[in-house]
Amino acid sequence: MTGPLFPPTFRASLDQLFTWRRDVRHFRTDPVPEAVLTRLLETACLAPSVGLSEPWRFVRVEAPGRRAAIRENFARCNTDALTGHSGEDARRYATLKLAGLDDAPHQIAVFCDTNPAQGRGLGRGTMPETTVWSAVMAIHTFWLAATAEGVGLGWVSILEPDEVSRTLCMPPDWQFLAYLCVGYPAEQADTPELERRGWEQRNPARRRWIIR
Ligand SMILES: Cc1cc2nc3c(=O)[nH]c(=O)nc-3n(C[C@H](O)[C@H](O)[C@H](O)COP(=O)(O)O)c2cc1C
């Protein structure tokens, strides 16, 4: 079978996609059409996975009570995180809106089934953590596909994971990985918000590699 050709114009667009993919913290409140969300989740499932185990588990969080519980979990963890910083750092940290939890119309929790029957254990004997890596690749695939459709994603990890699992009544083998706020971004940018706000910047040294 002959595969598709990816012409230079496509590669140029792909570069733009990588450049403009952002962690979004400011969302419009209008919903993303269901057909688009479904397509993005299906695209996420094209990610590679160890032994073809497809260990990602996407959970759409809709119930207002559960959303409120996640919001409280975040507020508590965010307060704790703030106490780890002092002075100017604390001021900066406090001004960052670390979650689109209040505005994003969609919320998706992502778990990894750490002991999936699918894949029959292939490839994860010596490195069981490869199941988690596989699920993270699905998140990244979702992120890029969303960007291509003009949909923004904000990754929230300032949460107590066991509490998230309890709030969403998840099985014990499912490890919580990420809480994603999803919706149309209020603004677009080609640089990370943390860089624009002076918290951190990309380091050119990370764009070099080591030769042995
Ligand atoms: C594993 C992971 C966890 C993250 N958790 C948070 C978070 O809890 N709060 C937040 O504001 N951003 C979070 N982010 C987003 C990063 O801050 C963001 O990716 C980084 O600043 C670079 O910005 P960019 O994604 O727009 O390029 C997370 C990103 C990753 C990959």
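Let's start with Leu52, which is exposed, with a relative accessible area of 59%. You'll find Leu52 in the loop between helix 2 (34-44) and strand 1 (56-60). Its backbone is worth a look too: Leu52 has a positive phi of about 60° although it is not a glycine. Keep in mind that everything here comes from a predicted model.

**Another loop residue**

Arg120 also has a positive phi, of about 45°, and it is not a glycine either. To spot Arg120, look in the loop between strand 2 (106-113) and helix 5 (130-148). Arg120 is exposed, with a relative accessible area of 82%.

**The sheet**

Now for the strands. Strands of a sheet pair through backbone hydrogen bonds, either parallel or antiparallel. In this model, four strands form an open sheet in the order 1-2-4-3, and the pairing is antiparallel. Strand 1 and strand 3 (152-156) are the edge strands, each pairing on one side only. From one strand to the next, the twist averages 30°.

Follow strand 2 and you can see both of its pairings. With strand 1, strand 2 pairs in the antiparallel sense over five bridges. One spot to check is Phe58, whose bridge partner in strand 2 is Val110. With strand 4 (residues 174-183), strand 2 is joined by eight bridges, and these two strands also run antiparallel. Here Ile108 has Leu180 of strand 4 as its bridge partner, and Asp113 stands opposite Trp174 in strand 4.

Helix 2 lies across strand 1, strand 2 and strand 4, and runs at about 165° to strand 1. Two packed helices are described by the angle between their axes and the distance between the axes. Here are both pairs:

| Helix pair | Angle between axes | Distance between axes |
|---|---|---|
| Helix 2 and helix 5 | roughly 140° | within 8 Å |
| Helix 1 (residues 8-20) and helix 5 | about 110° | 10 Å |

Take the pair of helix 2 and helix 5, whose axes cross at roughly 140°. That angle makes helix 2 oblique to helix 5. The crossing is a right-handed one. On the helix 2 side, Leu40, Leu41, Thr43 and Ala44 make the contact, while helix 5 brings Ala138, Thr141, Phe142, Ala145 and Ala146. Sorted by class, this contact has seven nonpolar residues, two polar ones and no charged ones.

Now turn to helix 1 and helix 5, which pack at about 110°. By class, that gives five nonpolar residues, one polar and no charged.

**Two residues of helix 3**

Last stop: helix 3 (residues 64-83), where Asn78 lies. Is Asn78 buried or exposed? Asn78 is buried, with a relative accessible area of 17%, because the cut-off for buried is under 20%. Leaving aside neighbours within four places in sequence, Asn78 is in contact with Tyr93, Leu98 and Ile158.

Arg66 is found in helix 3 as well. Arg66 is partly exposed, with a relative accessible area of 36%. If you skip residues up to four places away in sequence, Arg66 touches Val61, Thr167, Leu168 and Cys169.

Note on methods
Residues are numbered from 1 along each chain as its sequence is written. This is a predicted model: local features need pLDDT of at least 70, side-chain atom pairs count only at pLDDT 80 or more; totals for chains, interfaces and linings use all residues. Side-chain values use heavy atoms; hydrogens and water are left out. Buried means under 20% relative accessible area, exposed over 50%, partly exposed in between (1.4 Å probe, protein chains only). Axes are lines fitted to C-alpha atoms, for helices over the stretch in contact, and angles run from 0 to 180 degrees between N-to-C directions. Angles under 35 degrees count as roughly parallel, over 145 as roughly antiparallel, 65 to 115 as roughly perpendicular and the rest as oblique. A crossing is left-handed if the near helix is turned anticlockwise from the far one by less than a right angle, and right-handed if clockwise. Contact means heavy atoms within 4.5 Å. Ala, Val, Leu, Ile, Met, Phe, Trp, Tyr, Cys and Pro count as nonpolar, Asp, Glu, Lys and Arg as charged, and the others, Gly among them, as polar. Two strands pair if DSSP finds at least two bridges between them.
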